[in-house]
2 protein chains.
Amino acid sequence: MKVSIFDVAKKAGLSVVTVSRVLNHSTSVRQKNREKVLQAMKELDYHPNASARSLASGKTGIIGLTLATLHDSVLDAVVQEINDRLAEHGYFLALSISQGDEESFRRSMFQEDRVDGVILVSPANSDIYVMELKKRKIPFVILDSQQRNIAVSMVTVNNFKGGYDATKHLIDLGHTEIAYINGPESFLSSREREKGFLFAHEEAGIKPFGIENGEFDIPSGYRIASRWIESGRLPTAVFAADDFIALGVMDAFKNEGIHIPRDVSVIGFDDQIYASEFHPKLTTVRQPFEKIGKQGVDILLKLIKDPSRRNVSIEFDPELVVRESTAVPRSTRT
Amino acid sequence: MKVSIFDVAKKAGLSVVTVSRVLNHSTSVRQKNREKVLQAMKELDYHPNASARSLASGKTGIIGLTLATLHDSVLDAVVQEINDRLAEHGYFLALSISQGDEESFRRSMFQEDRVDGVILVSPANSDIYVMELKKRKIPFVILDSQQRNIAVSMVTVNNFKGGYDATKHLIDLGHTEIAYINGPESFLSSREREKGFLFAHEEAGIKPFGIENGEFDIPSGYRIASRWIESGRLPTAVFAADDFIALGVMDAFKNEGIHIPRDVSVIGFDDQIYASEFHPKLTTVRQPFEKIGKQGVDILLKLIKDPSRRNVSIEFDPELVVRESTAVPRSTRT
DNA sequence: ACATAAAATAAAAACGCTTAAATATTATAA
DNA sequence: TTATAATATTTAAGCGTTTTTATTTTATGT
């Protein structure tokens with residue numbers, strides 16, 4: 001009892017091709033006939049079958065989105081933006097949460113011509129994705145790449161500059177005892193931010209208070225700050241590789257009555273939502289997530305339209321957002 | 001130069017049907033021939049075409065997931081579980097972030113036979129979804145429903161019990177001045193938790209300190225706690241309708257030197273990840289997100305297998321998780 | 001070894017749409 | 001009015017599978 005394009009055609013007194021034409025917004029349909037078709041569709045409660053359309057046209061209207069984990073609120077903004085932009089263009093989003101292991105990838109939707117294109121967000125080991133996607137000739141773009149691969153399209157953020165800006169802000173305030181808590185070394189972003197931190201110190205001719213290694217999470221910040229407290233030797237400012245670390249650091253300090261920013265300044269990275277919801281509001285380096293998502297979609301859509309198009313890489317500058325967690329160091333005060 | 005099922009059949013010296021059989025894990029294929037086919041597939045780097053399969057079989061292998069927003073870390077666990085379970089069964093996940101307005105729904109993937117089933121998570125106004133899905137005969141299940149609709153399958157949590165348990169915990173500790181900060185009244189969960197809060201008080205024969213209204217976020221908790229501080233009249237314990245509110249409350253108290261749990265006890269709801277990452281670690285009422293996700297998938301899959309199956313509703317009990325943010329009230333101490 | 005049941009294979013018909021080529025209609029200009 | 005160009009429509013051929021239905025092969029019991 002399914003109503004097909006034939007039924008619509010019959011009801012409208014036209015051919016199926018004409019119906020198909022109005023379905024695909026083709027121009028070659030007389031306005032009068034278009035209305036007839038639309039009317040027939042409505043009366044029959046007709047809904048096109050996506051599988052049939054895909055099979056015939058070779059396009060699925062689906063974009064695959066690969067995430068390493070859902071549990072990354074930083075990505076929410078990017079994904080939301082991707083979702084919205086894609087919806088504007090009539091695409092649907094297929095989700096693939098994959099740790100980047102070969103097996104889960106093989107089972108993923110890329111294998112069956114299910115998608116017109118793919119967006120990879122912060123892929124852990126993008127190599128295996130890139131190889132397969134290229135082989136299968138599926139257009140793709142990498143967001144927040146952890147590799148410096150020239151042969152692919154990607155949009156990234158200048159993490160070196162972000163690290164530099166954050167540190168410079170602290171130095172300009174008068175700090176000379178600045179600690180850096182890094183994210184995992186495996187992340188390019190960690191390494192780049194660290195370089196920026198180091199460069200700012202060199203430039204100012206001062207030595208870092210120290211560099212610690214953590215994960216991108218609250219407990220890392222808490223643990224490391226607690227160690228400082230125990231040791232009795234505190235930095236006057238800390239630059240955390242991400243907001244969660246910074247939040248953990250603040251939590252540890254605040255619980256010991258160490259006031260922020262009076263006693264210690266803290267600056268984060270990302271400007272994810274919680275950064276401005278806790279007090280003092282976190283000074284941080286903002287990543288332009290919306291821009292990243294939008295740009296990623298734009299690039300991908302162009303790639304889909306013209307697969308021979310050459311790859312493009314776009315890098316955005318992050319932006320320093322000064323809020324309440326940084327101030328001049330205590331010793332400088334009158 | 002696409003390699004199809006015909007090419008595989010020819011290479012293996014068998015018919016396309018046999019190839020199709022091994023593709024669909026049918027039993028009617030001699031082991032020897034199955035291997036031949038698999039071998040041919042590998043040699044030709046054959047990948048089946050999902051659109052063609054869907055068109056012929058009437059099944060897409062895709063499950064639609066509808067979320068009101070991505071920005072709800074509470075849902076991450078549910079979505080993750082759904083993703084994993086679905087992957088186990090060979091399904092893919094199509095994401096639809098929709099505010100529940102009619103228009104975005106019309107444009108959604110449900111309209112073109114794109115999905116075999118749908119999972120609705122915390123839908124704001126599920127009516128329009130339910131109507132359309134039923135009309136289109138698409139199996140679906142609602143998780144964390146905000147409506148008490150009997151004619152659909154859903155899995156929920158007993159929020160009344162959660163509210164009661166949280167409050168009872170506080171009362172058992174000796175508290176008699178307990179405040180409740182509610183989520184939006186529009187949420188069934190808010191109203192139910194409040195009822196549980198009230199019932200525990202009635203049962204104990206005491207009066208609540210007060211009931212406030214907020215959103216499910218950190219600023220709400222902070223704002224309300226700040227008001228209490230300003231007024232100079234504090235409850236000895238506060239039950240927050242969710243962990244974010246609780247975190248906001250703790251932030252406000254801690255910044256004023258009000259110690260938790262010595263001066264004020266705080267209990268949350270959900271047990272989302274941050275609950276145990278800040279200090280003191282938050283006592284809360286845990287929602288079994290994994291179970292909810294798993295059960296939702298199970299129900300949906302059964303519904304897909306047998307659409308005539310009658311609807312089922314499952315309700316899980318939440319679980320009190322006592323950590324560090326609650327203790328006996330100050331006055332009770334020796 | 002033979003009849004019979006069971007299992008495997010083959011041929012052909014959908015599945016519902018798009019698209020290229022061919023044909024018919026309408027508009028435009030001479 | 002007629003020729004020509006521009007537009008719209010139709011006919012027919014796929015798109016790559018699955019799913020009957022019919023046929024052939026293999027296994028089972030006597």
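Guide: Start with two strands. In this predicted model, β2(A) and strand β2 (residues 92-97) of chain B pair in the antiparallel sense, over three bridges.

Visitor: Which residue of β2(B) is the bridge partner of Ala94(A)?

Guide: Ala94(B) is that partner.

Visitor: Now a helix. How far apart are the end C-alpha atoms of α9 in chain B?

Guide: They are 25 Å apart. Helix α9 of chain B runs over residues 188-204, which is 17 residues. At 1.5 Å a residue, the helix should span 24 Å, so the two values agree.

Visitor: Which residues of α9(B) are buried?

Guide: Begin with the general idea. An α-helix has 3.6 residues a turn, so residues three or four places apart point the same way. Now the case here. The buried residues of α9(B) are Ser189(B), Ser190(B), Arg193(B), Glu194(B), Gly196(B), Phe197(B), Ala200(B) and His201(B). Viewed down the axis of α9(B), they fall within an arc of 155 degrees, so they line one face of the helix.

Visitor: What do the buried residues of α9(B) pack against?

Guide: They pack against four elements of chain B: α8 (159-173), β6 (178-182), β7 (210-213) and β8 (237-240).

Visitor: Which exposed residues sit on the face of α9(B) turned away from its buried side?

Guide: Glu202(B) and Glu203(B) do. Look past the helix end too. Gly205(B) follows α9(B), and its phi is positive, near 70 degrees.

Visitor: Last, the DNA. Which residues come nearest to DNA strand C?

Guide: There are 26 residues around DNA strand C. Ser4(A), Ile5(A), Ser20(A), Ala56(A) and Ser15(B) come nearest. Elements giving two or more residues to this surface are α2 (16-23) and α4 (50-57) of chain A, with α2 (16-23) and α4 (50-57) of chain B.

Visitor: Which element gives the largest share of the surface near DNA strand C?

Guide: α4(A) does, with five residues. By class, the surface near DNA strand C has 13 nonpolar, 10 polar and three charged residues.

Terms used:
Residues numbered from 1 in each chain as written. Chains lettered and ligands numbered in written order. Predicted model: local features only at pLDDT ≥ 70, side-chain atom pairs only at ≥ 80, totals over all residues. Expected span 1.5 Å × (residues − 1). Buried ≥ 20, exposed ≤ 12 C-beta atoms within 10 Å, placed from the backbone. Arc of directions from axis to C-beta. Contact = placed C-beta atoms within 7 Å. Near = placed C-beta within 6 Å. Nonpolar A, V, L, I, M, F, W, Y, C, P; charged D, E, K, R; others polar. Pairing = 2+ DSSP bridges.
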